[in-house]
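Visitor: Walk me through this one. I want to know what each term rests on.

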Amino acid sequence: MSATVRSAVVALASVLAAVPAGADGWSPAPEPAVWMQTRQQLQASGAMTDRPWQFMEALETPELMAGEYLSGRTPTSVGVEFDAGLLLRRAGDEDWQVRELRMRALCNQQRLQRRAGETQWVDYVGRDDTASKVAWICDIP
């Protein structure tokens, strides 16, 4: 795994872990205006795929700003696949980095995985709130 991809995966895990989810009924907060503006600018520039993105949550520290998005939840035989988008800017950087990953939620196992290559899936970092987020991802209207 390249250092850039590894860094993006670690940052995405940090974002996912930043906001505690309740035991039941977790759902994403509304997208803050600053994140909406950032996402729209990155989409307009072509740095982020232009599609409907659901804001999940963000981490804002003096060292790092990272916002996580989800798009295209699609049911599969093992759960739900989706695209995850990470907007990342480290302290001192002017430009945003955008990482898009193909992921899936294994609904019955309450786990997340990310695609590594064309056919391989690897487990994603688990946290105390993973089950709540997987439940939300798997609850497709």
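Visitor: Which residue of S4 does Leu 87 stand opposite?

Guide: Val 98. This is a predicted model, in which local features need pLDDT of at least 70 and side-chain atom pairs count only at pLDDT 80 or more, while totals for chains, interfaces and linings use all residues. Residues are numbered from 1 along each chain as its sequence is written, and side-chain values use heavy atoms, with hydrogens and water left out.

Visitor: What counts as a strand in the first place?

Guide: Strands are DSSP runs of E, at least two residues, and helices are runs of H or I, at least four. Both are numbered from the N terminus.

Visitor: How many bridges join S4 to S5, residues 111-116?

Guide: Four, and the two strands run antiparallel. Met 103 has Arg 114 as its bridge partner in S5. Four residues lie between S4 and S5 in their hairpin. Gln 110 sits in that turn with a positive phi of about 55°.

Visitor: How do S1 and S2 pair?

Guide: In the antiparallel sense, over six bridges. Glu 57 stands opposite Glu 68 in S2, and Ala 58 opposite Gly 67. The S1-S2 hairpin has three residues between its strands.

Visitor: And how many bridges do S2 and S3 have?

Guide: Ten, again antiparallel. Met 65 stands opposite Arg 89 in S3. This hairpin has four residues between its strands.

Visitor: In what order do the six strands of the sheet come?

Guide: S1-S2-S3-S4-S5-S6, in an open sheet with antiparallel pairing. S1 and S6 (120-123) are the edge strands, as each pairs on one side only. On average, neighbouring strands are turned by 30° against each other, direction ignored. Such angles are taken between axes, which are lines fitted to C-alpha atoms, for helices over the stretch in contact; angles run from 0 to 180 degrees between N-to-C directions.

Visitor: Why is Trp 121 called buried?

Guide: Buried means under 20% relative accessible area, exposed over 50%, and partly exposed in between (1.4 Å probe, protein chains only). Trp 121 has 16%, so it is buried. It lies in strand S6.

Visitor: Which residues does Trp 121 touch?

Guide: A contact means heavy atoms within 4.5 Å. Not counting residues up to four places away in sequence, Trp 121 touches Glu 81, Arg 102, Met 103, Arg 104, Gln 113, Arg 114 and Arg 115. Met 103 is 18 residues away along the chain, yet the two C-alpha atoms are separated by 8.3 Å.

Visitor: How do you know whether Thr 38 is buried or exposed?

Guide: Its relative accessibility is 8%, so Thr 38 counts as buried. Thr 38 lies in helix H2. Beyond four places in sequence, it touches Leu 87 and Trp 96.

Visitor: What span should helix H2 have?

Guide: The expected span is 1.5 Å times one less than the number of residues. H2 has 13 residues (33-45), so it should span 18 Å; its end C-alpha atoms are 18 Å apart, which agrees.

Visitor: Which residues of H2 are buried?

Guide: Trp 35, Thr 38, Arg 39, Leu 42 and Gln 43. They cover an arc of only 130° around the axis, so they sit on the same side of H2. That arc is taken from the directions between the helix axis and the C-beta atoms. An α-helix has 3.6 residues a turn, so residues three or four places apart point the same way. Exposed residues Ala 33, Ala 44 and Ser 45 are on the face of H2 turned away from the buried side.

Visitor: What covers the buried residues of H2?

Guide: The cover includes S1 (54-60), S2 (64-75), S3 (80-90) and S4 (97-106). H2 lies across these strands, running at about 70° to S2. Just after H2, Gly 46 takes a positive phi of about 90°.

Visitor: Where does pLDDT stay under 50?

Guide: Over residues 3-23, for which the model has 48 contacts beyond four places in sequence. pLDDT is the predictor's confidence in each residue, from 0 to 100. Where it is low, the predicted coordinates should not be read in detail. The protein chain averages 85, and 83% of the residues score at least 70.

How values were computed: Pairing = 2+ DSSP bridges.
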